[in-house]
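Visitor: Hi! Could you walk me through a few helices in this one?
Guide: Happy to. Let's bring it up and look together.

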Amino acid sequence: MQTNAIRETFLDYFSSKEHLVMPSFSLVPQNDPTLLLIGAGMAPLKPFFTGEKKPPHPRVATCQKCVRTPDIERVGHTGRHATFFEMLGNFSFGDYFKEEAIAWAWDLVLNGYRLPQDKLWVSIYEEDDEAFKIWNENIGVPPDRIKRLGKKDNFWEIGLGPCGPCSEIYFDLGPQVGCNSADCAVGCDCDRYLEIWNLVFTQFSREADGSLVELDQKNIDTGAGLERVAMALQGVSSFYETDLVKPLYSHFAGLADEVRRRANEIPLRIVTEHCRGTTMLVADGVIPSNEGRGYVLRRLLRRAVRYGRLLGIENDFLSDAVSLVVEAMAPAYPDLKEKEDYLRQVINLEEKRFRETLAQGMEILDEYMEKLKNSGDTVLEGGLAFKLYDTYGFPLDLTAEILAENGFEVDRQTFSENLRQQQERARAARLPSGEESSARYREAEPFSTLFTGYETLEQDTTVDLILAEGRSIEKAGKGEQVEVLLAETPFYAEAGGQIGDTGLIAGDHGKVKINNTVFTPWGQIVHQGEIIEGSINNGDRVKARVDGGRRQAICRSHTSTHLLHKALRDQLGEHVNQAGSLVAPDRLRFDFNHFSALAPEELKAIEERVNAMILANANVSTGMTTLEEAKMAGAAALFADKYEEKVRMVSAGEFSRELCGGTHVGATGEIGSLRIISEESIGSGMRRLEAVTGMGAYRYAVEQSDLLDRTAHILNSSTDRIEGRASELASELRVLQKANSEFKQKLAAYEVDSLISAVQDVQGVKVISASVQADSPDALRITMDELRSRIGSAVIVLGAVSDGKVMLVGSVSEDLLAKGVKANDLIKTVARQVGGGGGGRPDLAQAGGKDPSALPGALDMVQQLVREQLPG
């Protein structure tokens with residue numbers, strides 16, 4: 001039976017048993033910060049098991065995509081371990097229990113899949129007599145084929161709370177794949193007895209005192225590995241031989257060096273398995289990075305590249321294999337077809353990045369291991385492993401794996417300390433101290449603030465608290481810097497990327513100019529400002545007035561970020577998600593995940609799409625709803641924020657729906673227009689757009705028009721002919737540059753004649769070391785190339801001075817390399833004499849320096865340096 005049919009048979013069977021068949025959830029957990037990736041069929045259903053949410057049906061069946069890496073070291077070494085797999089599962093939330101779960105599993109295995117009964121074995125928890133009775137008396141499995149296993153294997157629990165015994169169905173693949181041990185049986189760690197289905201009976205709660213208490217509502221959670229069931233049904237001993245995986249395996253086998261492949265099959269298996277996992281992770285929106293789930297993806301991909309190299313595969317082979325993964329998996333996950341080009345681009349970019357540094361990083365790691373071997377040490381310093389990680393992109397686990405293959409290990413603790421210090425340095429400039437903030441606003445903690453700024457920009461209210469440098473004061477006078485808490489306020493406090501409001505607080509005794517508005521750690525709104533008139537007292541009745549023009553400009557920017565988010569997803573793909581923003585009156589900044597720079601035509605299309613939404617003048621509405629209802633309406637939730645059950649949804653017509661607490665325009669037309677002014681990288685897989693709206697967009701357009709006029713004037717052209725005029729001048733410039741280059745070559749030839757006449761002989765080797773005329777490194781190399789072509793076997797070191805800086809270039813002919821003369825060593829020594837540095841290859845090197853006065857003396861050293869490098 002083919003794998004797709006196995007999947008379909010399972011879901012159809014449980015549909016006939018009145019289960020709601022649900023599609024696979026994403027590999028990226030939704031609203032579960034405890035999980036990095038979905039690693040089990042029950043993981044997305046956890047809120048239904050815990051009672052946090054009501055399940056859509058008391059019986060559910062799924063085929064869930066999973067990624068799990070704890071056993072990554074075993075991938076390839078066995079035929080059953082994988083990082084990516086599909087888990088078939090049937091679940092009961094307080095409905096049926098042990099008897100039905102066992103009966104249905106056995107019925108499907110025997111009558112649905114028609115697996116031979118003499119190949120099947122069963123395990124139960126050693127104390128679960130109830131399960132034994134069901135298997136033996138109800139189902140008819142002989143006692144000698146029911147194995148009791150201990151808590152480690154057959155009792156599921158994670159700390160305190162729900163837990164329970166397990167029962168597993170095993171398929172005997174035969175002694176030919178076993179360990180040949182006389183004790184080999186169900187539970188052995190070899191490949192013979194393949195666990196194909198695990199039935200978990202959640203019937204207890206583990207209490208703090210260690211006791212087990214029977215649950216009132218008992219649940220069923222089962223998991224049958226799709227690839228493992230396919231192994232049993234297709235009569236193969238590894239999942240690499242199953243119908244969905246074998247074409248990929250064969251593809252990589254065809255690319256690999258035959259001698260290397262035959263010597264060791266493990267690298268080929270690892271490349272095949274990791275290619276599947278990499279493709280499916282990217283398809284669910286994961287981007288390679290150095291943190292979180294992005295690190296898991298990067299680790300898989302770079303591990304595959306490294307093992308591909310061991311097989312002799314040197315090209316970008318993973319991205320080329322994406323189409324095979326898509327072809328195999330698309331029947332179950334049709335969205336893969338739509339994402340195929342995107343998948344290939346993301347994987348190819350990461351593959352190229354790592355390939356550029358892999359060879360160099362491996363050379364350095366080889367040097368480290370050689371030093372360990374010579375010193376007798378077995379542990380690589382964590383700081384050296386961190387250098388490989390930080391400079392050459394080697395995940396720690398990859399370094400550790402290569403070391404282990406050669407009998408070494410890595411100091412993980414020191415590595416972690418280096419990583420922590422780097423992260424702290426990166427955060428230091430941008431994150432305020434939580435302790436400082438808590439101490440500063442400690443006296444504000446008992447108060448509360450009612451925000452009225454969605455409805456009004458003016459509010460009559462009462463002064464609840466005045467703070468000066470974190471201290472509560474009763475009164476403050478003109479010129480003092482204060483922080484004021486009000487009972488009600490229309491001022492929006494900085495949050496969600498939107499900067500805080502400014503404005504005025506005015507009472508009978510004085511006025512406070514508000515320069516910023518922020519939250520305390522406990523949610524009170526603090527107005528930061530300066531008293532510009534009279535005084536202010538605790539308990540004063542005041543009018544709080546927001547700067548309306550500035551607020552409106554902020555609203556234009558904020559609504560524009562929502563439209564920009566929508567346009568980016570429409571243009572680039574559904575993988576795009578907001579990763580941060582700045583919403584200010586004069587500009588907006590939008591950070592998002594994407595794998596490459598945006599092409600000019602993409603930026604133009606995005607900008608045009610946003611302006612079309614603006615011109616549509618769609619109504620912008622807000623409303624409170626439940627998180628589930630918002631998701632069903634298609635609302636975007638931003639960069640893994642944790643939301644309450646009641647959320648505020650902002651809708652811009654039918655264009656955009658997002659969960660957002662910020663302030664917005666009433667209709668998109670109020671934005672006026674939007675212009676994108678820059679796009680840049682802010683890290684691996686992260687991009688940033690900056691844009692202006694409203695009058696800012698108008699001023700930007702005027703500035704661009706003025707620039708065009710000024711440029712036309714400089715080029716002695718009209719604005720409508722500027723492109724043609726620039727093209728004419730560029731053509732003329734190319735002609736002049738070519739003539740200049742030819743002149744320099746002729747000049748260099750004349751200079752070469754005099755240099756050749758001054759050649760020195762050092763132990764039978766021709767040596768030229770001289771200062772020449774050159775205004776650039778390119779001009780210096782032209783002279784060098786002319787010398788090399790005319791003089792043949794020689795050592796040449798030339799120097800020149802331009803703009804007060806020294807340029808050096810050195811060359812050693814191929815025949816002299818064999819005698820031990822190296823250009824890079826010569827250049828490094830000479831460069832040090834002129835206050836500089838450089839390097840290159842043994843045959844050709846270049847450098848620079850800061851001290852022109854030292855150049856003659858440095859060049860005089862060359863003959864002696866050559867003499868020292870020559871043998872005897």
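Visitor: Which residues are buried in helix 15?
Guide: This is a predicted model, and in it the buried residues of helix 15 are Leu396, Asp397, Leu398, Thr399, Ala400, Glu401, Ile402 and Leu403. That makes eight of the ten residues in helix 15, which runs over residues 396-405, so we call this helix mostly covered.

Visitor: OK, switching to helix 13. Where is its kink centred?
Guide: On aspartate 341, where helix 13 has a kink of about 45°.

Visitor: How do helix 12 and helix 13 cross, left-handed or right-handed?
Guide: Their crossing is right-handed. The axes of helix 12 (residues 322-329) and helix 13 (residues 335-375) come within 9 Å and cross at roughly 155°. An angle over 145 degrees counts as roughly antiparallel, and therefore helix 12 and helix 13 are roughly antiparallel to each other.

Visitor: Which residues make the contact?
Guide: Helix 12 brings Val322, Ser323, Val326 and Met329. From helix 13 come Leu336, Lys337, Glu340, Leu343, Arg344 and Ile347.

Visitor: How many of those are nonpolar, polar or charged?
Guide: In the contact of helix 12 with helix 13, six residues are nonpolar, one is polar and three are charged.

Note on methods. Residues numbered from 1 in each chain as written. Predicted model: local features only at pLDDT ≥ 70, side-chain atom pairs only at ≥ 80, totals over all residues. Heavy atoms only, no water. Axes fitted to C-alpha atoms, helices over the stretch in contact; angles between N-to-C directions. Helix = DSSP H or I, 4+ residues; strand = E, 2+ residues; numbered from the N terminus. Parallel < 35°, antiparallel > 145°, perpendicular 65-115°, else oblique. Left-handed = near helix turned anticlockwise from the far one by under 90°. Contact = heavy atoms within 4.5 Å. Nonpolar A, V, L, I, M, F, W, Y, C, P; charged D, E, K, R; others polar. Buried < 20%, exposed > 50% of the residue type's maximum accessible area, 1.4 Å probe, protein only. Bend = angle between axes of the 7 residues up to and from the residue.
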